[in-house]
Amino acid sequence: MDSLLRSLAIFAFLLIMLRLAGQRTLSEMTSFDFVLLLLVSETAQQAMLDMDFSLTTSLLLITALVGVSVVLSILKFRFPRVEKWLDGTALIVVENGQPLRDRMRKARVDEEDIMEAARQLQGLERIEQIKYAVLERGGNITIIPVRDQA
Amino acid sequence: MEGKHKDLDILEDVDHQDLEWKLEWAGWLLMAVLFFGNLLGFFGRGVFNDAHVGEPGAALQVDYQKRERYKAVSSMTLRIDPTLAGTSPRVTIGNEFISKVRITEVVPEPAVVEVGAGHQVYQFSVLAGNPVNVRIFFEPFDFGTSTTRIGLEGSLQYEFQQFFFP
C-alpha cells in the first residue's frame, strides 16, 4: 500500500513537472536532457520502492502504473477537457507569414526554431513562405507552406 | 475561446492556453520557493530548521531539527552537565517519538537501556567535570507531527514539536 501510494504520488508529480517544463522542452532531447532524465528516473525509483526490492512489489507497481496510464487514456478519450489538461493544445504561432509574437514569447519559441522546422520539413527559405506554423502538443513545430496560386 | 480555426482544421483553445501559461508561471514560482527553501535548510540542516531547547548551563540541553524526512538518517544532540545531572544521568525519551523513528545508534553507548510506561530510559556513565555531548542517530519511518519529549528522569523535561515529511 505504501509503495503504491508513493508511486502514484511520484507519477503525478512527474506529470506536473513535465507540463510545467513546457511543450518545447519535451520536443528535443539534448545530452543535458538525457542526463536529467536518467537522474530523475533514478531518484524516482528510490522513492517508489524504498528498500522493498521484492518481485511482488515490482510487478504490483508496474501493473498500477500501466493501469493508471490506461485509465488516463480512457479519460482523455471520453473527456476532451482532461486531454487538454494532460496533453495541452496545439497552437498556431505563424499565420500567413506573420509571426504571432505574443504567443511565441509565451511558448518560448523563437523565429529560428520555426525556420529550422520550415527548412527541415518543407525546404522553405523565408518566413513569408509559411502559411501556418503550428506548435503541436508534443512540442514539435509543423509547417504548412503557402500553396502557389496556379 | 475554443473552436476550429477559420482556415486550418485544428482545434485551438487560446483561453485554455492562456490559463496554462499563467499556471506555468505559478508553478515555476513554487519551484523557486522549494529550491531556495531547500538551499536555506528548510527541509534539512540549516538556519530555518535547527532548533535548541534548554537554557545555557542547564543540566540538559537538546539540539534538534524541527523538520525531518522519512527514512533520512538524522541526529539529535544532548548536552549533559554532570555537575548538575550527576555522573549516571538517566535520559528519558517519550514513546511518541520512539514510535515514529528507528534509533540506529547512540554515541556514546548508554550503560543501561530501560523501557518504562510511555518512555524509554537511557542511562549513561559520565566522568565528573565538563558537560558532554550525546548524539542520538535515528531514522524516521513514519510521517506527520510528533510531540517529542526528552528529559532527565525525575527532573528537567522538554517537549517540542517535530514534523516528519513523507
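Tutor: Domain bounds here are those of an automatic or database domain assignment. The model is a predicted one, in which local features need pLDDT of at least 70 and side-chain atom pairs count only at pLDDT 80 or more, whereas totals for chains, interfaces and linings use all residues. Residues are numbered from 1 along each chain as its sequence is written, while chains are lettered from A and ligands numbered from 1 in the order in which they are written.

Consider strand 7 (residues 90-94) of chain B. Helices (H or I, at least four residues) and strands (E, at least two) are DSSP runs numbered from the N terminus, and two strands pair if DSSP finds at least two bridges between them. Strand 7 of chain B runs antiparallel to strand 10 (residues 119-123) of chain B, to which five bridges join it; in this pairing Arg90(B) faces Gln123(B) of strand 10. Strand 7 of chain B also pairs with strand 12 (residues 144-152) of chain B, in the antiparallel sense and over three bridges. There, Val91(B) has Leu152(B) of strand 12 as its bridge partner.

Chain A has its own division, into domain 1 (2-87) and domain 2 (91-145), whose C-alpha centres lie 30 Å apart.

Helix 1 (residues 2-21) and helix 4 (residues 55-78) of chain A pack with axes 10 Å apart, at an angle of about 40°. Axes are lines fitted to C-alpha atoms, for helices over the stretch in contact, and angles run from 0 to 180 degrees between N-to-C directions. Angles under 35 degrees count as roughly parallel, over 145 as roughly antiparallel, 65 to 115 as roughly perpendicular and the rest as oblique; helix 1 and helix 4 of chain A are therefore oblique to each other. Residues are in contact if their C-beta atoms, placed from the backbone, lie within 7 Å. The crossing of helix 1 of chain A past helix 4 of chain A is right-handed (the near helix is turned clockwise from the far one by less than a right angle). Among the residues making this contact are Leu4(A), Leu8(A) and Phe11(A) of helix 1 and Leu61(A), Leu65(A) and Val68(A) of helix 4. By class, the contact has eight nonpolar, three polar and no charged residues, where Ala, Val, Leu, Ile, Met, Phe, Trp, Tyr, Cys and Pro count as nonpolar, Asp, Glu, Lys and Arg as charged, and the others, Gly among them, as polar.

How values were computed. Two residues are in contact if their C-beta atoms, placed from the backbone, lie within 7 Å.
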